[in-house]
Amino acid sequence: MLVGDAQIWLACGDLRNVIKTVNSLPPTYTGAIEILINDRNPPVIARNLMFLLILAEVADEDLAVDTVLHLWYSTFIPKEYTIQMLLLAPKLWSYLTDEETSGSPFPLGKTSTLRMDGMLEPLLDVLLHYLKPEGQSLTLEEAQAEYSRVKRFPTRLDYRDRLYAGLRPSHRLAFEEYRRFGLVLPFGAANNHFNTPNPTLFSEDGRWLQTDFADPLEGWR
């Protein structure tokens with residue numbers, strides 16, 4: 001990562017580190033910034049690329065941020081959010097597969113560019129999974145069953161009880177609601193439009209990709 005005259009090398013699969021770094025720059029900063037995101041996990045890289053592309057290309061900033069938030073954390077998302085991804089992924093696919101553009105800077109908005117090096121074939125496999133026609137995707141019921149299988153695994157019952165014991169009653173209720181459905185929404189908010197499995201959180205064969213204790217709150221406060 002190059003900030004001004006300082007150069008720092010980091011291995012970072014978590015885009016929150018990048019976002020925090022950029023947002024921590026002072027408003028008066030006018031120099032260039034070059035960030036190296038280095039990870040060996042194709043699904044992690046593909047997710048990060050999609051997040052950056054959505055934030056850069058979707059004109060409605062509120063929609064872009066909300067789309068990325070739920071692709072990042074929610075088990076199910078509104079159908080229109082998957083449409084945003086389906087509209088943008090072919091552009092990224094074309095860049096990665098075209099011999100004339102592969103390896104050259106890819107525009108991200110008006111002031112940023114992206115360069116991708118290495119792991120092309122496994123990355124394309126993941127992007128192809130994101131671009132599956134709806135008929136080949138997980139059904140809502142299948143996705144909920146797989147999510148519940150991981151979150152409710154019997155041998156993890158003691159872990160869950162000890163976790164809940166340290167929470168306030170109201171927090172315990174909200175946390176249980178999230179563990180049931182995996183939606184990053186205010187408690188009691190309408191959620192019937194979150195009816196499409198998040199393709200970035202399920203493998204191609206329909207397996208849940210996170211641990212049973214993955215928690216959106218385990219970030220910066």
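Modeller: Happy to! A cavity here is a set of grid points where a 1.4 Å probe fits but cannot get out. Keep in mind that this is a predicted model. A search of the whole structure turns up 1 cavity of 30 Å³ or more. The largest cavity holds about 40 Å³ of space.

Lys 151, Tyr 159, Leu 163, Phe 175, Tyr 178, Arg 179, Phe 213, Ala 214 and Asp 215 line the largest cavity. Sorted by class, the lining of the largest cavity has 6 nonpolar and 3 charged residues, with no polar ones.

Let us move on to the packing of helices. Two packed helices are described by the angle between their axes and the distance between the axes.

Start with helix H2 (residues 42-57) and helix H3 (residues 61-73), whose axes come within 9 Å and cross at roughly 165°. Angles over 145 degrees count as roughly antiparallel, and so H2 is roughly antiparallel to H3. The crossing of H2 past H3 is right-handed. On the H2 side, the contact is made by Arg 47, Phe 51, Ile 54 and Leu 55, while H3 brings Ala 64, Val 65, Thr 67, Val 68, Leu 71 and Trp 72. Of the residues in this contact of H2 with H3, 8 are nonpolar, 1 is polar and 1 is charged.

Next, follow H3 to helix H4 (residues 79-97): their axes come within 10 Å and cross at roughly 100°. That angle makes H3 roughly perpendicular to H4. Here Leu 63, Asp 66, Thr 67, His 70 and Leu 71 of H3 meet Tyr 81, Gln 84 and Met 85 of H4. The contact of H3 with H4 is made up of 4 nonpolar, 3 polar and 1 charged residues.

H2 and H4 have a contact too. Their axes come within 10 Å and cross at roughly 110°, which means that H2 is roughly perpendicular to H4. From H2, Leu 49, Met 50, Leu 53, Ile 54 and Glu 57 meet Met 85, Leu 88, Ala 89, Lys 91 and Leu 92 of H4. This contact of H2 with H4 has 8 nonpolar and 2 charged residues, and no polar ones.

As you turn the model, find Ile 54 of H2: this residue takes part in the contact with H3 and also in the one with H4.

Definitions and conventions. Residues numbered from 1 in each chain as written. Predicted model: local features only at pLDDT ≥ 70, side-chain atom pairs only at ≥ 80, totals over all residues. Heavy atoms only, no water. Axes fitted to C-alpha atoms, helices over the stretch in contact; angles between N-to-C directions. Helix = DSSP H or I, 4+ residues; strand = E, 2+ residues; numbered from the N terminus. Parallel < 35°, antiparallel > 145°, perpendicular 65-115°, else oblique. Left-handed = near helix turned anticlockwise from the far one by under 90°. Contact = heavy atoms within 4.5 Å. Nonpolar A, V, L, I, M, F, W, Y, C, P; charged D, E, K, R; others polar. 1 Å grid on protein atoms, 1.4 Å probe; cavity = no way out; pocket = protein on both sides within 12 Å on 5 of 7 lines; lining within 4 Å. Points joined across faces, edges and corners; volume = space filled by probe spheres on them.
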